[in-house]
Amino acid sequence: MVNENPNLEELNDPPVLEKALQAEPSVSVHPIVSIHPSVSIHPSVSAHPSSSVHPSTSAQPGGLNHPSSSCQELSVIKLSKRRWAVVLVFSCYSMCNAFQWIQYSSINNIFMHFYGVSAFAIDWLSMCYMLTYIPLLPPVAWLLEKFGLRTIALTGSALNCLGAWVKLGSLKPHLFPVTVLGQVICSVAQVFILGMPSRIASVWFGANEVSTACSVAVFGNQLGIAIGFLVPPILVPNIKDRDQLAYHISIMFYIIGGVATLLFILVIIVFKEKPKHPPSRAQSLSYALASSDASYFSSIVRLFKNLNFVLLVITYGLNAGAFYALSTLLNRMVILHYPGEEVNAGRIGLTIVIAGMLGAVISGIWLDKSKTYKETTLVVYIMTLVGMVVYTFTLSLGHLWVVFLTAGTLGFFMTGYLPLGFEFAVELTYPESEGMSSGLLNVSAQVFGIIFTISQGQIIDSYGTMPGNIFLCVFLSLGAALTAFIRADLRRQKANKEVPETKVQEEENNTSKAPTILSEDHL
């Protein structure tokens, strides 16, 4: 926090400025922010190590250029009206990508018949999303730090659009490799999407909005999965004629291709790199602390030295991996107990995700008001375990309405946990890159997702659905136990509380200023 004196505008000579800083009582420098006489700090400097430095950050040989203007820009904390448009557009193209992830698994048996392949081959159309994420995260995270949000958003939405159109070349039974290619392209697009929610929330939203904004960003991904469970069974009926199947599949592929193209155009128009002014004190300090020569790999090393974050990486991976396995194998599990109920299998998946979306939004609002990250995460994790146990022992009762009820309860907590993990990670690792922390969470989720999907699939084939679901219950129990050991070291909250954003400090000359939160409507 910098309290500036208007008289500093006259101090263009560095020695005079240094003397004034030492003598003038109305000028205070926050201990976290160091100011060199020849460097002015601009709020648009990125908070992350690899980001480029704004021209106003460069040293001026003649001394400090307009120090008052620079300090005032750093002190202004203002919310941009564009922030909601940005997060909604992101949420929409994330939804489109998530739909393409689950569209094959939700009608697994129909695509098996059309392409003449095994259930395991169709499962890999889902698991390729998990597999491609693991090796591609480091380069994509580096690109996020190097080129920023807009470039990553454009790349992700473009690849998502391309993959959707490639699938239209796979409408013959012998063209299964083409549909695999399209799905792999979409899976690469996912790498540019999954790590964005917490970064968008931090860069664009105020301290009392970040958790809600992160939930809205994750909301789109969950909505895409929900639509992916609901729509394919309706558009593609279970019929034997492959020519008729090709026609129905083409309708689905054309719709998703058109939607993906429209969303790519919206990203070009709406998505901006960052707001003109920082939206919170934590983000303002991040701008001031930016270092252009910080090592990308040293950031990873620091994250892995953070024991609380490492525990969160493991527990998040166990929970999200269980969700990925459950989503991928849901059609197979329901059809085993309720033959011919493909549409209801999709509706059960829809119920899981819709309930999870409600849980995510409620969790985000609750976190913004209570800041109880550790307690909320632990309670939701325990309830996820309880929901999974109940679902396991009710799936085979022969009553679909019971399955809908227990699956919805499970989804409320299991998918509602996902944005909690993102926001808790940002709190534990501030001021490290949000893209890196959320990216490592997602790597853990993909690794456990692949392991759980393959293992549970083999258990279901050999022993039935109940042993397969008990397998997931065991690992969710482990995750709940490990969550209890995470210490609530809320670093971002501490940064926001060091000097309250709405507090005005009065000096004798009434010239010092403290940051205030403003809306563009008030200017």
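Over residues 499-523 the pLDDT stays under 50, and for this stretch the model has 60 contacts beyond four places in sequence. The structure is a predicted model, and its confidence deserves attention before any geometry is read from it. For the protein chain, the mean pLDDT is 77, with 76% of the residues reaching 70 or more. Residues 1-74 form another stretch with pLDDT below 50, for which the model has 137 contacts beyond near neighbours in sequence.

The aromatic side chains come next. A pair of aromatic rings is described by the distance of the centres and the angle of the planes. A search of the whole structure for such pairs returns 20. One of them joins Tyr-316 and Tyr-417, whose ring centres are 5.8 Å apart and whose planes meet at 35°, so the pair is classed as tilted; the tilted class lies between stacked, under 30 degrees, and edge-to-face, over 60. Tyr-316 belongs to helix 13 (residues 307-337) and Tyr-417 to helix 17 (residues 417-429), so this pair ties together parts that are 101 residues apart in sequence. Tyr-316 is buried, with a relative accessible area of 2%, and Tyr-417 is likewise buried, at 0%.

Tyr-417 also takes part in an aromatic pair with Tyr-381, with 5.1 Å from centre to centre and 75° between the planes, an edge-to-face arrangement. Because Tyr-381 lies in helix 15 (residues 373-394) and Tyr-417 in helix 17, the pair ties together parts that are 36 residues apart in sequence. Tyr-381 is buried as well, its relative accessible area being 0%. Tyr-417 thus has ring partners in Tyr-316 and Tyr-381.

The cysteines remain to be considered. A disulfide is a covalent bond between the sulfur atoms of two cysteines. The structure holds zero disulfides, and the distances around Cys-92 and Cys-96 can be set against the cut-off of 2.5 Å between sulfur atoms. For Cys-92, the closest cysteine sulfur is that of Cys-96, at 9.6 Å, which is too far for a bond. For Cys-96, the closest cysteine sulfur belongs to Cys-186, at 7.7 Å, again too far for a bond.

How values were computed
Residues are numbered from 1 along each chain as its sequence is written. This is a predicted model: local features need pLDDT of at least 70, side-chain atom pairs count only at pLDDT 80 or more; totals for chains, interfaces and linings use all residues. Side-chain values use heavy atoms; hydrogens and water are left out. Rings of Phe, Tyr and Trp (its six-membered ring) pair if their centres lie within 6.5 Å; planes under 30 degrees apart count as stacked, over 60 as edge-to-face and the rest as tilted. Helices (H or I, at least four residues) and strands (E, at least two) are DSSP runs, numbered from the N terminus. Buried means under 20% relative accessible area, exposed over 50%, partly exposed in between (1.4 Å probe, protein chains only). pLDDT is the predictor's confidence in each residue, from 0 to 100. Contact means heavy atoms within 4.5 Å.
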